[in-house]
Amino acid sequence: MVALYYVANTLKIEQVSIDHIYTFFKAANWPVPADLPNTLHQAGTEGWLDTSDAKDIKVTPIGENLVEHDLPRQSKR
């Protein structure tokens, strides 16, 4: 969710694909899920993403609310 949200909203990439998300995970030095397409599809079944087009994955309003209001924030040290 965070990766897609960042790529779409901060980097302003209009059509986000699985390749964009994979590249973000690598750049952020995060472990890539074993089956990234399935992981994204699962987030879609939760209503957080629209995965109907693998070349144009979108964050839904529910997903935006998750990232903006519900995910834990990093503490400032």
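Let me begin with a definition: a contact here means heavy atoms within 4.5 Å. By that criterion, residues 24 or more positions apart account for 39% of the contacts in this protein with a separation of 6 or more.

Please keep in mind that this is a predicted model, in which local features need pLDDT of at least 70, side-chain atom pairs count only at pLDDT 80 or more, and totals for chains, interfaces and linings use all residues. Residues are numbered from 1 along each chain as its sequence is written, and side-chain values use heavy atoms, with hydrogens and water left out.

As for the fold, the protein has four helices and two strands, taken as DSSP runs numbered from the N terminus (H or I and at least four residues for helices, E and at least two for strands), and along the sequence they follow the pattern α-α-α-β-β-α. The radius of gyration, taken over C-alpha atoms, is 12 Å, close to the 11 Å of the globule rule (2.2 Å times the number of residues to the power 0.38) for 77 residues, so the protein is as compact as a globular protein of that length.

Of the 77 residues, 26% count as buried, that is, under 20% relative accessible area with a 1.4 Å probe and protein chains only, whereas exposed means over 50%.

Let me turn to helix α2, residues 18-27, where Ile21, Phe24 and Phe25 are buried. They cover an arc of only 100 degrees around the axis, judged by the directions from the helix axis to the C-beta atoms, which puts them on the same side of α2. Their cover includes α1 (2-9) and α3 (36-45), while the face of α2 turned away from its buried side carries the exposed residues Asp19 and Ala27.
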